[in-house]
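Hello,

Here is the structure I promised to pass on. Please open it next to this note, and my findings follow below.

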Number of protein chains: 2
Amino acid sequence: MTTNNANEDMTIKNVTVLGTGVLGSQIAFQTGYAGLAVTAYDISDEILAKSKQSFEQLAARYEREVDGAAGGPARAALSRIDYSSELGEAAREADLVIEAVPEKLELKREVYAQLGQLAPEKTIFATNSSSLLPSAMAESTGRPERFLAMHFANEIWVHNTAEIMGHPGTDPAVYRVVVEFARRIGMVPIELKKEQPGYIINSLSIPWLGAAMELLVAGVADPETIDNVWHIDKEAPEGPFQNLDRVGLNTAYNIYAASEDPKLQAVATYLKEHYIDQGKLGQPTGEGFYKYSAAT
Amino acid sequence: MTTNNANEDMTIKNVTVLGTGVLGSQIAFQTGYAGLAVTAYDISDEILAKSKQSFEQLAARYEREVDGAAGGPARAALSRIDYSSELGEAAREADLVIEAVPEKLELKREVYAQLGQLAPEKTIFATNSSSLLPSAMAESTGRPERFLAMHFANEIWVHNTAEIMGHPGTDPAVYRVVVEFARRIGMVPIELKKEQPGYIINSLSIPWLGAAMELLVAGVADPETIDNVWHIDKEAPEGPFQNLDRVGLNTAYNIYAASEDPKLQAVATYLKEHYIDQGKLGQPTGEGFYKYSAAT
């Protein structure tokens with residue numbers, strides 16, 4: 001039934017996701033939904049108990065929003081998820097570990113240093129980091145050739161891109177395996193040929209959102225007017241301020257506050273004073289540039 | 001039947017469009033389509049003879065693409081357009097002159113200096129300039145308070161924005177009249193509160209398109225991949241390279257070649273060497289970043 005050739009070894013059957021935050025949960029659930037065995041790891045059983053509630057909510061959301069998920073498949077995804085707060089146990093059977101721990105380089109390096117010791121040799125590691133380059137972590141893994149970045153977008157079941165980006169030392173065969181894995185769990189694999197800070201999506205979005213914010217800060221027009229121009233000219237459903245409300249104003253603030261461009265720093269200050277300090281963080285809080293009815 | 005109060009004087013009945021290029025023709029035709037009397041001006045009868053063919057083509061296109069245009073209305077628009085190659089004659093009855101002459105500041109200033117002498121005192125002047133600020137031309141008009149910018153997008157019957165932007169000396173009442181005129185001819189008036197180079201649409205588009213081009217020039221991914229990320233993440237029908245093909249690669253080249261940012265200059269060079277020098281200018285030439293079937 002099984003053979004031991006190299007291709008067989010590279011097939012992804014068991015997936016471990018490190019971190020059960022917003023994106024980690026979605027990645028783990030989507031992987032289970034695609035029929036694979038998943039282990040969700042987080043640092044304590046208390047956190048995992050809460051994570052189980054998040055997974056239940058995700059299942060309910062899939063049932064409402066994803067064609068074919070109701071009547072069994074979303075519940076079956078839940079049944080494929082195991083939970084562990086012990087890294088060695090979580091990684092023991094993994095063909096692929098997807099890391100979605102907080103966005104701090106030193107933390108990620110520490111996690112990879114431990115993981116590199118605990119996981120089998122075969123295991124591929126993929127970071128979901130949105131702002132750090134894989135080359136910054138590659139050496140910590142102890143297996144740089146089996147390490148790359150795979151970046152998911154929020155609301156993975158709608159915005160189903162997986163941006164796949166190696167570092168110079170990534171084995172091209174490992175890259176192909178991860179591309180196939182992404183496709184298998186229902187993602188559109190987006191292949192980056194080089195390391196690029198912000199991948200493709202943020203490389204496009206950040207200048208676009210920054211330009212929109214600069215118009216607002218300069219007093220040229222209000223968010224509705226600016227969004228409306230985009231809707232009409234690009235026949236696009238989402239203008240930049242609607243996008244900012246979806247992404248969350250705190251995320252935008254962190255990006256622009258870290259910029260060296262004084263115009264973008266002014267954008268950050270404006271966001272903080274006019275929105276964030278008033279609790280207007282975007283859709284999840286019910287108000288950002290627009291008001292929203294109660295979160296569902 | 002008529003009164004002589006100020007409001008009555010400001011009503012737009014007769015419109016003159018200076019220049020019958022791509023946008024001038026569309027503006028004149030759309031104005032006629034909305035039921036107003038239009039005079040199309042260009043510098044010679046030879047040019048106007050060709051322009052009449054453009055208007056015929058526009059009428060045919062409206063009949064195909066605009067609901068309700070077939071069976072009479074598009075032809076009726078043609079019947080409302082007069083032609084003139086004599087500026088004084090063209091402006092004599094105009095309540096509003098929309099200027100769409102080539103994008104050269106000195107040329108526009110000369111046209112406004114003549115027009116200011118020839119047009120009645122009541123006439124409002126609006127420039128469709130995409131890259132020059134109205135304040136740079138206001139004094140040449142001899143009536144800065146009755147002068148502003150009204151910027152249309154290509155394929156006016158679909159992308160029906162009219163970005164309306166005064167200079168500091170524009171009379172607010174004149175601004176309101178032009179906003180109402182834009183609405184009356186089926187545009188969505190986009191009110192800019194301040195002068196802004198590139199208005200709203202180019203202020204958003206240029207950084208977005210530049211970021212996409214930088215990814216291509218750096219070899220991160222190909223146009224299809226980059227567009228695909230945008231489609232999925234923003235649920236948008238048009239990615240940046242599709243937009244560049246629609247706008248025309250020459251237009252993009254001119255913008256980025258004029259930039260002082262070395263990265264954007266590199267974008268211009270890349271566009272020229274890989275596309276423009278090979279005759280790939282976008283949709284109108286059948287090929288740009290994508291190939292198109294024969295133009296219709």
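I will start with a loop residue. A:Asn154 touches A:Val22, A:Leu23, A:Gln26 and A:His159, leaving aside residues up to four places away in sequence; contact here means heavy atoms within 4.5 Å. A:Asn154 sits in the loop between strand 6 (147–152) and strand 7 (161–165) of chain A. With a relative accessibility of 36%, A:Asn154 counts as partly exposed (buried is under 20% relative accessible area, exposed is over 50%, and partly exposed is in between, with a 1.4 Å probe and protein chains only). The C-alpha atoms of A:Asn154 and A:Gly24 are 9.9 Å apart, although 130 residues separate the two along the chain.

Some ground rules before the rest. This is a predicted model, in which local features need pLDDT of at least 70 and side-chain atom pairs count only at pLDDT 80 or more, while totals for chains, interfaces and linings use all residues. Residues are numbered from 1 along each chain as its sequence is written, chains are lettered from A and ligands numbered from 1 in the order in which they are written, and side-chain values use heavy atoms, with hydrogens and water left out. Helices (H or I, at least four residues) and strands (E, at least two) are DSSP runs, numbered from the N terminus.

Helix 2 of chain A has 12 residues and spans 16 Å from its first C-alpha to its last, close to the expected 16 Å at 1.5 Å a residue (the expected span is 1.5 Å times one less than the number of residues). Most of helix 2 of chain A is covered, with 9 of its 12 residues buried. Among them are A:Gly24, A:Gln26, A:Ile27 and A:Phe29. After helix 2 of chain A comes A:Gly35, which has a positive phi near 100 degrees.

Now the sheet of chain A. Its 8 strands form an open sheet in the order 3-2-1-4-5-6-7-8, with mixed pairing (two strands pair if DSSP finds at least two bridges between them). Strand 3 (81–84) and strand 8 (188–192) of chain A stand at the edges with a single partner strand each, so one side of each has no neighbour in the sheet. From one strand to the next the twist averages 25 degrees; axes are lines fitted to C-alpha atoms, for helices over the stretch in contact, and angles run from 0 to 180 degrees between N-to-C directions. Strand 4 (residues 96–99) and strand 5 (residues 124–127) of chain A run parallel and are joined by 4 bridges, and A:Glu99 stands opposite A:Thr127 in strand 5 of chain A. Helix 3 (residues 45–65) of chain A packs on this sheet, where it touches strand 2 (37–41) and strand 3 of chain A and makes about 160 degrees with the direction of strand 3 of chain A.

In chain B, the open sheet has 8 strands in the order 3-2-1-4-5-6-7-8, and the pairing is mixed. Strand 1 (residues 14–18) of chain B pairs with strand 2 (residues 37–41) of chain B in the parallel sense over 5 bridges, with B:Val15 opposite B:Val38. Helix 9 (residues 223–234) of chain A also packs on this sheet, touching strand 7 (161–166) and strand 8 of chain B.

Which way do the residues of strand 4 of chain B point? B:Leu96 and B:Ile98 point one way, B:Val97 and B:Glu99 the other, and all are buried. B:Ile98 stands opposite B:Val17, and its bridge partner in strand 5 of chain B is B:Ala126.

Best wishes
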